[in-house]
Amino acid sequence: MNTNTSTVSAPSSIDTPPHPLFKPLFLGVVIAALIYIGIELAADLASAPPLTFLPFLMLGLALLIALGFEFVNGFHDTANAVATVIYTNALPAPAAVVLSGVANFTGVMLASGAVAYGILALLPVELILNVGSSQGFAMVFALLLAAIIWNLGTWALGIPASSSHTMIGSIIGVGLMNQILAPAGIASSSVDWGQALKVGKALLFSPLLGFAVAGILFLLSKLLFARKPEMFEPPVGKEPPPFWIRILLVLSCAGVSFFHGSNDGQKGMGLIMLILIGIVPMAYSLNKTMDATQVQAFAALSEKTAVILSPTTPTIDLTKSRDVLTRYLQDHKVTPEVLPAISVVATDVSHAVAHYGTFDKVPADATRNLRNDMYLASASMKRLDKDNALPAMTADQKEVIKANGQSLDHTTQFIPTWVKVAVALALGLGTMVGWKRIVVTVGEKIGNTPLNYGQGLAAQLSTMAMIGVADKFGLPVSTTHVLNGSVAGTMTANRSGLQWSTVRSILSAWVLTLPVAITLSATLYWIFVQFV
């Protein structure tokens with residue numbers, strides 16, 4: 001393979017200034033979004049008991065740091081989503097960022113939340129159940145700050161490191177330190193290594209698949225467009241590509257941005273929800289958009305589930321049941337008490353929900369326990385299903401269990417619209433600030449020749465497909481790694497050769513991200529715990 005590392009020249013359109021109206025219009029959108037977020041947040045807080053100064057301060061600080069992570073994420077992963085369309089002159093940078101922002105927002109708004117809450121499943125169960133405690137806040141601050149520090153460092157060096165990779169490492173670091181700091185004789189959990197392995201495989205194999213798929217797509221495009229040699233020309237100066245190529249590049253950019261929002265954009269949302277649940281449980285612990293009919297249907301499903309799991313009346317009480325399920329989620333050891341414990345918790349949830357009628361009538365002092373009970377029941381059922389430890393059931397009973405799981409997720413794994421707007425805004429602002437470094441790396445420094453139109457299209461289609469499939473299965477992947485792998489695949493297929501200095505830098509960041517993020521978050525968590 002060609003290892004020449006000659007420098008290629010950037011298209012001058014990268015430095016094209018935005019239209020004079022762009023800045024005031026963009027500022028208007030930002031102000032409108034901030035007003036909307038403020039109004040919705042104020043309305044939510046008004047429905048909960050008033051916060052004293054310290055919790056209010058903690059809420060503001062935690063949200064600022066969480067959105068700061070998404071802002072920095074915009075430097076990396078969102079910038080990659082617009083890199084090829086900017087580099088190939090299909091769109092000027094301001095227009096590409098606006099297009100990406102709209103598509104990201106649409107993806108975020110239509111996201112199921114599976115990825116957001118799938119990330120949270122990596123956290124120690126006792127920290128999830130007690131996120132409002134001092135240790136819970138130490139956890140959130142440590143993992144977010146660790147992710148921000150590493151992302152900023154790699155961005156400053158122009159290395160397209162992965163925000164997804166960084167976040168996973170930060171969560172693992174917090175989990176490991178949580179277990180190390182646990183007092184002797186006190187049960188604690190580290191990391192759900194099964195879930196971590198599942199996520200790790202997605203992060204590892206998605207860029208490799210992107211490499212292969214993009215290479216194949218590029219070779220197919222050369223066959224399909226053999227009579228369109230302009231498809232395989234690099235951009236020249238400010239000149240845009242032919243109209244039909246431009247449309248394909250713009251549409252594929254929108255597709256990548258949409259799937260980025262529906263997958264990568266969810267990571268911060270899950271942590272923001274954890275923060276809100278910890279500080280303002282009355283407003284965010286339960287999905288208050290569910291009407292009385294939906295709530296009563298949920299109560300009925302919980303009651304049926306309890307009977308299916310334990311046809312005879314369980315002999316353990318509610319407190320013991322909670323302890324049994326917490327221990328099961330920590331050590332994953334199935335004991336004879338697990339099924340009766342789920343039955344007891346499900347029965348209590350059913351009776352409580354039926355009594356209150358709707359979730360907005362649940363009193364403040366009961367909200368946190370009710371949500372925690374729902375979490376214990378849902379997480380334990382999922383774990384039993386994964387371990388193939390559920391009892392033999394009829395087809396109808398399996399449908400009840402499945403419907404109950406979906407109802408539990410709908411009740412607890414919801415994301416308010418204002419949170420999605422805030423995340424989309426933070427991603428867009430980050431992209432506006434930091435896109436140029438990433439665009440130059442993707443367009444010029446991966447291959448020995450500038451990225452041509454066909455390569456840009458193949459790379460974007462491959463990235464869109466990889467992220468879309470991952471989102472369907474609720475798996476987090478890195479837009480950065482998938483796109484860079486895809487670009488490298490097209491360069492290899494085109495026999496352009498790779499700039500190995502850049503490839504080594506990207507691989508070094510990929511290899512170092514996990515251990516550095518683990519060390520940073522573990523250290524920060526240890527420091528924070530000393531002061532709480």
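Me: Which residues of helix 14 are buried, and what makes them count as that?

Reply: Buried means under 20% relative accessible area, with exposed over 50% and partly exposed in between (1.4 Å probe, protein chains only). In helix 14, V338, A341, I342, S343, V344, V345, A346, V349, S350, A352 and V353 are buried. Bear in mind that this is a predicted model, where local features need pLDDT of at least 70, side-chain atom pairs count only at pLDDT 80 or more, and totals for chains, interfaces and linings use all residues. Residues are numbered from 1 along each chain as its sequence is written, and side-chain values use heavy atoms, leaving out hydrogens and water.

Me: Why is Y356 called partly exposed?

Reply: Its relative accessible area is 22%, so Y356 is partly exposed. Y356 lies in helix 14.

Me: How do you know that the span of helix 14 agrees with its length?

Reply: Helices here are DSSP runs (H or I, at least four residues), numbered from the N terminus. The expected span is 1.5 Å times one less than the number of residues. The 19 residues of helix 14 (residues 338–356) should therefore span 27 Å, and the end C-alpha atoms are 27 Å apart, which agrees.

Me: What does Y356 contact, leaving aside neighbours within four places in sequence?

Reply: Contact means heavy atoms within 4.5 Å. On that basis Y356 is in contact with K361, V362, P363 and A366.

Me: And what do the buried residues of helix 14 pack against?

Reply: They pack against helix 12 (292–309), helix 13 (318–331) and helix 15 (364–386).

Conventions. Helices (H or I, at least four residues) and strands (E, at least two) are DSSP runs, numbered from the N terminus.
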